[in-house]
Amino acid sequence: ALLPVSVRNMSTNKTRDIDYQIHSQADLRFHESTGSIVMTKGLGFSEPRLAQAAYDQMMTLPQYHTFGNKAHNKCIDLAEKLVQVMPTCGKSPLNKVYFGSGGGDSNDTAIKIIWNYFNAIGKPEKKKLIGRVRGYHGSTVVTTSIGAQPGMHQPFDCPYGDRFVHTNVPHHYTFGKDGETEEDFATRMADDL
């Protein structure tokens, strides 16, 4: 009900999945590899083990948040496994896990943690973020502001605030000037930073 008719009735609406493909109402086939879908694509869509794991979890505890020092056993088990395989950062082991619902949410949270860190060490003015023109980091207000996608900026008044600056796309084939060598292009991109 939230989608406009032109989108709802598009022949590319996804109706079923087989192996690594998505099939549309018009039986067009797509190889999907965007965002969080990548996590399940490794085993193929409609993989019985994933379906069974999801069913088992839905029958045990369908959903529970991890805010306010709350957790559940599956979340704790996964965090412990991740900590065991994390590399060290200098002399310190990486031993903290923060779960998000997807890439945009994770990027948004990472930015809030960075801003909070600079507030905590007495540098509240240190808030600038550099994004790439035509970059995509998510669809929250903050992540939309970092990625300079014209179709996502204009409708939502982004970038939001003066904390976001953008650098050009370093793709010589598409954005190189006539007669500009790759080396000259690379120098121009570096100077843009």
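Start in strand S7: select His166, the bridge partner there of Gly131. This is a predicted model, where local features need pLDDT of at least 70, side-chain atom pairs count only at pLDDT 80 or more, and totals for chains, interfaces and linings use all residues. Residues are numbered from 1 along each chain as its sequence is written, and side-chain values use heavy atoms, without hydrogens and water.

Now show S6 beside S7. The two run parallel, joined by four bridges (strands pair at two bridges or more by DSSP; strands are E runs of at least two residues, helices H or I runs of at least four, numbered from the N terminus). Leu129 and Gly131 of S6 point to one face and are buried (under 20% relative accessible area; exposed is over 50%, partly exposed in between; 1.4 Å probe, protein chains only).

Next, select helix H5, residues 103-120. Its 18 residues should span 26 Å at 1.5 Å a residue (1.5 Å times one less than the number of residues). The end C-alpha atoms are 25 Å apart, which agrees. Color its buried residues: Gly104, Asp108, Thr109, Ile111, Trp115 and Phe118. Their cover includes S6 (129-132), helix H6 (141-146) and S7 (164-167).

Zoom to Trp115. Arg163 lies over its face, 4.4 Å from the ring centre (the criterion: NZ of Lys or CZ of Arg within 6 Å of the centre and within 35 degrees of the ring normal).

Which residue follows H5 with a positive phi? Gly122, near 80°.

Key. Contact means heavy atoms within 4.5 Å.
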